[in-house]
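Welcome! Take a moment to look at the sequence and turn the model around before reading on.

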Amino acid sequence: MAVPGFIQSIEATGIAEWMRLSVKAMPIVESIHVLAAATVFGTIFIVDLRLLGVPGGGRPFTRISDEMLRLTWIAFALAVITGSMMFAPNASTYFVNTAFRLKMLALLAAGLNMMIFQLVTYRGVGTWDDSMPPRAARLAGVLSILLWVTVVFLGRWIGFTKGYNFDAAPPPDMNFEF
Amino acid sequence: MAGFAEWLQATSLSVTFQSLSWFIPLLQSIHIIGIGVVFISSLMICLRVLGRMRADEPFPAVWKRFAPWMWSGLVVMLITGILLIIGEPVREFTAFSFWLKMTLLAIVVAITAILGRVLLPTAPGPGASFSGGAKTAAVAIVVLWVGVIFLGRAIAYDVEVWGSLSHHGET
């Protein structure tokens, strides 16, 4: 599969070079990515459960969603930054990786689901804020949970497929005595 | 420990897991979903103690909302974690990150259990501030979970992260 020139040029950027050469960059960046992903999933899961009426009664949907989504967006931004850093050193390999492509599709679908919910279903929130959400809202909640679980699974799958450029130059000699 | 790891790796159960290419990624994925639930449930409880989340709700209500998810998530993580160990015993037992992770895990679970026991009957109501000790414990719990997450990923990079402290590749 042909890889566009701009994807290949990402591999030549300074950040890509640094990620390739630094021994500790990848584990640290990956750890932050997992922390961010766990936070995105966990906070969205609380909102999705409320859309499904769990827990019943109690806190209004709008309050839960306002409290959680601040955290979600901060964590999502962190996930995008760290994800891009992981992508950069092997951009053209990831670009043609099926698990990577499917993950991007699942992310897009999760975003669309959220957008449709915000633009359409959320407009009538006044009538169900304190009670069981309507069917459209419950559907958005189920879809959100399924899509974000898919994103996590595909993300982990990338690491077990060819998310690595085996043709790249070998790393410099590493001295582990520190 | 190295002997035990090698014995475990040779058992038929471990050999079966090793032969299934989807086994490790699947279990690791469930493990990550689990940490999402555990970490955020714990974070909600800790932020309530710090007065930064659901300050209008009494502490026992917040605990009752999130603690069952936290403990159930932890059970899922223990089960997937044990299966991952059976699947790759030498990789886990020779990693310094693994042992440090288990240590932090034991500490964070203990602090959380004690926090719940102490605060459930004595927590100040909505609007009132928690004691300095409770707030310190809440911060410690969040920091420890972040450490557990980092160390979990570091198992894959044990030599790169720990150098000579790691026993990866020695057996």
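## Before we start

This is a predicted model, in which local features need pLDDT of at least 70 and side-chain atom pairs count only at pLDDT 80 or more, while totals for chains, interfaces and linings use all residues. Residues are numbered from 1 along each chain as its sequence is written, and chains are lettered from A and ligands numbered from 1 in the order in which they are written.

## Chain A on its own

Chain A has 7 helices and 0 strands; helices (H or I, at least four residues) and strands (E, at least two) are DSSP runs, numbered from the N terminus. Along the sequence, the pattern reads α-α-α-α-α-α-α.

Of the 178 residues in chain A, 34% are buried, a label for residues with 20 or more other C-beta atoms, placed from the backbone, within 10 Å of their own. Two residues are in contact if their C-beta atoms, placed from the backbone, lie within 7 Å. Among the contacts in chain A with a separation of 6 or more, 87% are between residues 24 or more positions apart.

## Where the chains touch

How many residues of chain A are in contact with chain B? There are 27, and they meet 23 residues of chain B. Helix H3 (25-51) and helix H7 (135-158) are the elements of chain A that give two or more residues to this side. H3(A) gives the most, with 14 residues.

By class, this side of chain A has 18 nonpolar, 4 polar and 5 charged residues. Here Ala, Val, Leu, Ile, Met, Phe, Trp, Tyr, Cys and Pro count as nonpolar, Asp, Glu, Lys and Arg as charged, and the others, Gly among them, as polar.

## Two helices that cross between chains

Two packed helices are described by the angle between their axes and the distance between the axes. The axes of H3(A) and helix H3 (residues 23-49) of chain B come within 8 Å and cross at roughly 70°. Axes are lines fitted to C-alpha atoms, for helices over the stretch in contact, and angles run from 0 to 180 degrees between N-to-C directions. H3(A) and H3(B) are therefore roughly perpendicular, the word used for 65 to 115 degrees.

The contact includes A:Phe41, A:Gly42 and A:Phe45 of H3(A), along with B:Ile32, B:Gly36 and B:Phe39 of H3(B). It has 12 nonpolar, 4 polar and no charged residues.

## A pair within chain B

Helix H4 (residues 59-87) and helix H6 (residues 96-122) of chain B have axes that come within 9 Å and cross at roughly 145°. B:Phe59, B:Pro60, B:Trp63 and B:Ala67 in H4(B) meet B:Gly116, B:Leu119 and B:Leu120 in H6(B). This contact has 6 nonpolar, 1 polar and no charged residues.

Methods
Parallel < 35°, antiparallel > 145°, perpendicular 65-115°, else oblique. Buried ≥ 20, exposed ≤ 12 C-beta atoms within 10 Å, placed from the backbone.
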